[in-house]
Amino acid sequence: MELIGAGWGRTGTDSTKAALEMLGFKCQHMKVVMSGPKQTQQFWAQALQEKYGPPCMPPREWEKKAAQMAWNDVGFAGGFDACVDFPFSPFYKEILEANPGAKVLLTVRDDGEKWYKSTYDTIYGFQRNRGIVFWLLSLSSPMMSALSSLWGGLLQGTMEDKEKAVALYEQHIEEVKRCVPAHQLLIFNVKQGWQPLCTFLDKPVPKEPFPHVNSSADMKKIGTFLARAELALRCTIGVAVVALGYILWS
């Protein structure tokens with residue numbers, strides 16, 4: 001692992017992934033994990049569960065366990081040499097311990113409130129609107145069922161309280177600054193474009209424009225689709241129950 005993304009989801013990680021791949025990296029991302037091998041999904045789902053719960057392991061037990069985990073061989077199986085987004089960013093310290101020579105990329109938004117709005121309107125919506133469809137998807141995807149560890153553990157159930165959620169986001173940024181040596185860290189906003197990223201990674205600046213992926217629009221489309229599927233499923237179940245009741249009472 002050469003580059004570890006420490007920035008939370010909704011900090012330009014889709015655009016950053018696209019940029020890193022243009023620079024020659026093979027980059028892991030939540031979207032890749034969700035469609036990837038079940039063994040990799042299970043690895044990250046278990047890590048989230050054990051570190052963030054509920055219930056979570058005591059910190060000292062987690063540290064011992066983390067030191068023995070196959071972060072590279074299983075977590076990044078498939079030749080990945082970079083990662084951004086969830087579920088990796090909450091484990092930047094553990095991944096860095098396993099790869100002490102790696103660089104760390106902390107993607108950020110302009111401010112905490114913009115991060116909050118983007119998160120609340122997109123990926124947190126799946127948690128807010130959990131229903132039958134979400135449950136069915138969780139049966140086939142270990143990562144789906146582990147997402148509650150992000151919202152309830154990492155973010156401590158604060159997403160319905162903007163002030164507290166923003167405070168945790170900002171605390172995370174300060175923690176990364178404290179924990180990662182300055183020469184290994186780049187704090188990066190995708191609005192800055194190629195220059196700081198390429199300088200940090202010792203890569204030539206591409207002739208192509210820096211990619212800007214509008215993942216918010218895609219996430220909202222997925223959310224709308226899931227909401228409609230949930231409504232259709234509930235209506236179908238309701239009709240089936242009424243029909244069964246009619247048959248039984250006839």
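**Close-ups of a predicted model**

**View 1. The whole chain at a glance.** Of the chain's 250 residues, 48% count as buried (under 20% relative accessible area with a 1.4 Å probe and protein chains only; over 50% is exposed, and in between is partly exposed). This is a predicted model, where local features need pLDDT of at least 70 and side-chain atom pairs count only at pLDDT 80 or more, while totals for chains, interfaces and linings use all residues. Residues are numbered from 1 along each chain as its sequence is written, and side-chain values use heavy atoms, with hydrogens and water left out. The secondary structure comes to 13 helices and five strands (DSSP runs numbered from the N terminus: H or I of at least four residues for helices, E of at least two for strands). Take the contacts (heavy atoms within 4.5 Å) between residues at least 6 apart in sequence: 78% of them join residues at least 24 apart.

View 2. Strand β4 (residues 103-107) runs parallel to β5, with four bridges between them, and Thr-107 has Phe-188 in β5 as its bridge partner.

**View 3. Val-84, tucked away in a loop.** Val-84 belongs to the loop between β3 (82-83) and α6, and is buried, at 2% relative accessible area. Its C-alpha atom is separated by 7.0 Å from that of Ala-6, 78 residues away along the chain. Beyond neighbours within four places in sequence, Val-84 is in contact with several residues, including Gly-5, Thr-13, Leu-20, Cys-27 and Met-30.

**View 4. Who lines the largest pocket.** The lining residues divide into 15 nonpolar, four polar and six charged (Ala, Val, Leu, Ile, Met, Phe, Trp, Tyr, Cys and Pro count as nonpolar, Asp, Glu, Lys and Arg as charged, and the others, Gly among them, as polar). Helices α3 (38-52), α4 (59-68), α6 (92-98), α10 (142-154) and α11 (162-179) each supply at least two residues of this lining.

Key:
Two strands pair if DSSP finds at least two bridges between them.
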